[in-house]
Amino acid sequence: MFKLNLKIAWRNLWKNKGYTFINILGLSIGMASCILIFIFIRYQMSFDEGFKNEDRIYRVVSSWDYNDGNQFFSQGVPLPLTPAMRNDFSPYIEKIAAIQNDAGLIKINDAAGKEKIKTIENVFYVEPDFFEIFDYNWLSGNYSSLANPSHVVLSKEMATRFFGDWKNALGKSLNFDGKMNYTVSGVIDDIAENNSVQLKIMLPYKAFKDRNMANWGSVGSNSESYFKLKPNVNIETLNGPLKAFIKKYYVEDAPGKEGHLFQPLSDIHYNGKFGNFSGRIMPKKQLYGLAVIGFFLMITASINFINLATAQAVSRSKEVGVRKVMGGLRSQLLVQFLTETLTIVFISLLIGSILTEIALPGMQNLFNSKISFSIFQHPIILVFMLLLVVFVSLLAGFYPAIIMSGFNPALAIKNKISANTGGLGLRKILVVVQFAITVTLIIGTLVILQQMKYVREQPLGFNPSAIAMVDLPNDSLTTQRFATFKTQLKQIPGVEGVSFCRTAPSSQNNNGNSFSYNGGKDVDFQVNTKNADEDYLKTFDLKLVAGRNLVKSDTTNEYMVNETLLRKLNIRNPNEAIGKMISMGGMKAPIVGVIQDFKNKSLHEAIDPILIGSLKPRFFYAAIKLNSKQLLGTMKTVKKIWEVTFPESVYNESFLDDEINNYYQGEKIMGTLFKVFAIVIIFISFIGLFGLISFVATQRTKEVAIRKVLGASTIELVKMLNGSFLLMVFIANLVAWPLAYLFVSKWLEGFAYRINISIWPFILAMAISMIITLVTVSIRSYKAAKANTVDALKYE
Amino acid sequence: MVGRQIVLRFKRPNLQPSAFLPSTLKKMIELKNIEKYYANKGIKHYVLRHVTTTIKQGEFVSIMGPSGAGKSTLLNILGMLEEPTYGTYEFFGEDVTTLNERKRIELYRNHIGFVFQAYHLIDEMTVYENIEAPLLYKKVGSSERASRIANLLDRFNIVAKKDLFPNQLSGGQQQLVGIARALAAQPSVILADEPTGNLQSTQAEEIMQLFKKLNQEDGITIIQVTHSEKNAEYGNRILHIADGVVKEDVLVR
């Protein structure tokens with residue numbers, strides 16, 4: 001019976017090729033989108049999983065509460081925290097381990113002592129206990145070897161890269177940052193990409209030296225601390241001891257009240273408040289948003305199916321009648337119709353899988369992740385696809401099947417089932433729902449694009465274009481060569497300006513300090529400090545509003561501040577601040593200039609109070625302003641000079657405007673996704689509409705013919721056929737507006753600099769939906785209105 | 001086309017093929033005081049009034065009357081496609097006036113075959129599959145199914161057409177398939193609503209001959225609705241209906 005049903009289903013689909021095509025097209029695109037969304041979500045949800053007792057692993061993170069109500073968070077902890085917690089929390093904690101991120105020059109010599117590899121790499125200083133918390137797969141050696149400060153453990157990938165074969169790595173030696181040689185004492189299996197801690201080169205924590213080793217007042221995001229709870233200890237029970245702990249160790253007065261939180265391992269990939277070593281955060285809210293979009297896509301495609309199926313039901317009525325008088329039970333007919341739906345959905349799944357495969361590289365590019373569509377690797381994807389088929393088959397197929405199998409055989413055989421059976425009312429509601437979803441997505445897309453454009457065109461207060469940021473190696477030897485290097489750079493034709501600085505005006509790398517103004521107490525906020533030389537203003541095109549630029553000097557210190565800093569200090573007139581002393585970190589220096597505010601972070605955040613000092617700078621970058629016409633050639637020369645000047649190090653460059661664009665990676669992804677899915681959903685909705693109008697036109701052929709005989713013109717007939725559709729889409733717009741408004745206003749709240757929501761995206765969305773409707777529907781209804789009257793009337 | 005020989009090769013041993021002695025036959029259908037009306041804004045529109053009649057096994061009854069007389073409604077009630085407003089309907093002594101779906105389907109599967117004016121073959125199925133469909137619903141085993149269909153195809157001389165689709169056949173051929181389909185389940189009665197209404201006269205004649213043979217040689221009860229006096233002559237009893245009332249009930253010959 002099933003086989004026969006399948007065969008009949010196939011012939012039926014073939015007979016109504018047009019509608020089948022529309023259904024399959026809509027469903028397969030919808031399903032492909034759903035599968036893509038699913039595999040992306042699956043990948044994101046797989047982060048930091050698979051460790052033994054993973055639910056007992058936590059990370060210690062830091063927070064500060066300021067008097068002005070601001071709160072700051074950091075993924076890092078003060079360096080003395082780990083040993084202190086190991087001692088004070090021993091009743092609750094099984095193991096705690098510090099891990100320190102660093103980067104530096106790795107050099108490896110071959111057997112003959114000749115330099116074989118020179119590269120800058122990320123390294124981690126880890127305590128051996130770290131491996132008691134995370135059970136990595138050890139290929140050779142063991143973690144206790146890291147108790148020895150001259151050992152190093154490598155991942156399989158690194159070991160292979162450095163020594164040809166990881167099996168040969170044990171006992172070999174590498175040099176880190178020109179200071180110390182380490183002997184390879186172990187190799188671990190590569191850590192999967194979906195981990196927030198990407199261990200590749202692990203140095204012993206004992207080899208890590210820092211002047212803040214005992215300083216509770218300094219927190220760097222490079223210093224993290226993980227612990228594993230003892231079994232059967234509830235994390236809540238640590239809150240009491242934590243209060244005492246904070247009271248015991250934070251004895252100095254600081255502008256912000258220190259606090260710590262215990263973040264579960266499973267939260268690390270999703271919590272945007274804290275960062276992580278991999279730099280990849282995926283807020284769960286965004287994943288849910290994607291899931292909702294996928295769900296809506298599926299609903300839209302299913303609505304197409306329901307509408308076309310119920311519209312077609314009339315033409316199937318005869319068959320239903322005949323089958324019933326031949327002894328077919330309603331349930332058997334139900335099964336038959338569901339088989340047909342299942343066939344369509346299954347074909348759509350196959351085509352959808354192909355579309356997924358085609359779209360996957362684009363998706364990987366967009367998200368910069370290695371998401372995979374291998375059902376063998378991840379059988380859950382197969383399970384999802386099967387569930388999707390069942391879900392869509394039932395969602396799309398059940399209602400039409402109920403309607404069709406319920407036809408009265410006496411009426412059905414006499415062809416007296418009217419066109420309205422199968423709920424014309426319901427069909428209208430479904431179209432309204434479908435278009436409400438579509439219009440909401442169109443409005444969302446328009447607003448996101450508008451906001452993105454606004455962000456792009458926001459005046460930053462400085463000019464980031466054609467500025468290359470070249471890394472400067474920073475030790476006592478190399479700094480001596482800075483002056484010569486700068487002179488050489490300035491002589492290159494095509495270089496318009498050079499400034500050595502700690503960071504660019506806008507940077508992810510920020511440094512907060514407390515200070516006092518004009519001999520007063522420490523202020524209750526932190527200032528973002530940047531070091532720079534006298535060329536900083538000119539190179540980045542920053543504007544002075546009062547005072548003067550920094551003077552080139554090795555002995556005197558001077559400060560420039562921005563307007564926000566003055567505003568925070570309640571100083572109205574910038575000239576008032578000139579000459580006033582700022583003391584910070586035991587050093588006093590005068591303010592010599594006030595700079596016009598510039599956006600120093602992403603536009604999600606407000607402008608910080610900023611202080612730019614000139615003395616004893618640690619310069620990390622050479623900012624080189626280039627003539628944009630000779631960019632590439634100039635950079636080659638820069639690289640050559642750099643390599644001659646710092647032969648012991650490795651050259652690295654980046655462009656400031658690229659880095660600034662990177663702040664908005666998340667929004668860019670959202671924008672692209674919305675654009676793609678909006679186009680997909682528009683497409684699905686409108687092919688559905690086309691199918692429906694085709695049907696209505698066929699259905700009303702006779703009516704159209706009679707009206708024509710009675711003297712209706714083609715235009716009037718087209719108007720008559722179009723009317724209800726335009727009304728439906730109009731109502732859908734009215735439904736969509738408040739929903740879209742809620743959604744976009746919520747989204748825009750996340751930006752400190754944002755557009756005002758205007759009526760235009762709404763009007764535009766309405767115009768787009770109405771015009772496309774009009775065009776879609778008119779094409780078909782014009783054809784119907786022009787059809788030959790005689791053919792229509794002589795039938796029956 | 002013309003002059004096709006229709007040979008009937010099998011007989012039903014349990015039934016006596018003697019349409020000439022209706023009084024000795026078992027009662028099949030008994031209608032008592034059947035009424036059917038549609039109420040519209042409080043006004044009743046009668047379609048059938050006080051129809052009382054008995055049809056015995058082996059009869060070939062033609063229902064005749066002008067358009068709108070209630071012929072089709074009566075046939076629908078006989079086929080349990082519609083329920084009467086009043087009155088009782090007994091089928092083989094069992095009251096079937098109101099039946100649940102399962103019981104009604106059970107009767108369709110075992111006792112009643114339908115033949116339609118517009119043939120109503122399922123367009124997506126071949127001749128063979130159309131004939132097979134009722135057997136599938138009846139859950140007849142596959143070898144039995146194959147032999148019965150082969151038999152029918154053979155009898156109606158449509159073996160060569162078994163893989164064609166309905167739209168590839170002429171009207172007469174389609175109706176032949178329609179009858180074969182109705183016979184496949186070996187029903188006790190065939191209800192035919194203007195079976196020749198869409199056919200040319202030669203084809204119509206053939207179909208009527210076939211009905212007559214089925215009735216006389218296989219003892220299958222046939223009830224047909226027809227407009228044509230000539231077609232009615234093939235049967236052995238005519239019910240004349242006008243305005244919902246049985247005006248005349250005559251035996252032919």
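Okay, so A:Asn722: in this predicted model that residue is buried, with a relative accessible area of 6%. The cut-off for buried is under 20%, so 6% puts A:Asn722 inside that class. A:Asn722 sits in helix H21 of chain A, residues 714–748. And what does A:Asn722 touch, once you skip residues up to four places away in sequence? You get A:Leu774, A:Val777, A:Ser778 and A:Ser781. With A:Ser778 there's also a side-chain polar contact, at 2.9 Å.

Staying around there, the unreviewed UniProt entry annotates several transmembrane regions in chain A, including 676–697, 725–745 and 757–779. In the model, 757–779 comes out 87% helix and 0% strand, with its end C-alpha atoms 35 Å apart. Residues 676–697 are 100% helix, and there the ends are 31 Å apart.

Next, the sheet. Chain A has an open one with four strands, ordered S13-S22-S12-S23, and the pairing is antiparallel. S13 and S23 are the edge strands, each pairing on one side only. From one strand to the next, the twist averages 25 degrees. If you look at S12 against S22, you'll find five bridges, and A:Asp471 stands opposite A:Tyr621. Two helices of chain A lie across strands here: H13 goes over S13 and S22, at about 160 degrees to S13, while H17 covers S12, S13, S22 and S23, at about 20 degrees to S12.

Helix H2, residues 101–110, has B:Arg104, B:Ile105, B:Leu107, B:Tyr108 and B:Arg109 buried. What covers them? Helices H7 and H8 of chain A are among the elements doing that, along with S4, S6 and H3 of chain B.

Conventions. Residues are numbered from 1 along each chain as its sequence is written. Chains are lettered from A and ligands numbered from 1 in the order in which they are written. This is a predicted model: local features need pLDDT of at least 70, side-chain atom pairs count only at pLDDT 80 or more; totals for chains, interfaces and linings use all residues. Side-chain values use heavy atoms; hydrogens and water are left out. UniProt positions are given in the numbering used here, feature names are shortened, and annotations may be inferred rather than shown by experiment. Buried means under 20% relative accessible area, exposed over 50%, partly exposed in between (1.4 Å probe, protein chains only). Contact means heavy atoms within 4.5 Å. A polar contact is a pair of N or O atoms within 3.5 Å; within protein, one must be able to donate a hydrogen and the other to accept it, and residues adjacent in sequence count only if both atoms are side-chain atoms. Two strands pair if DSSP finds at least two bridges between them. Axes are lines fitted to C-alpha atoms, for helices over the stretch in contact, and angles run from 0 to 180 degrees between N-to-C directions.
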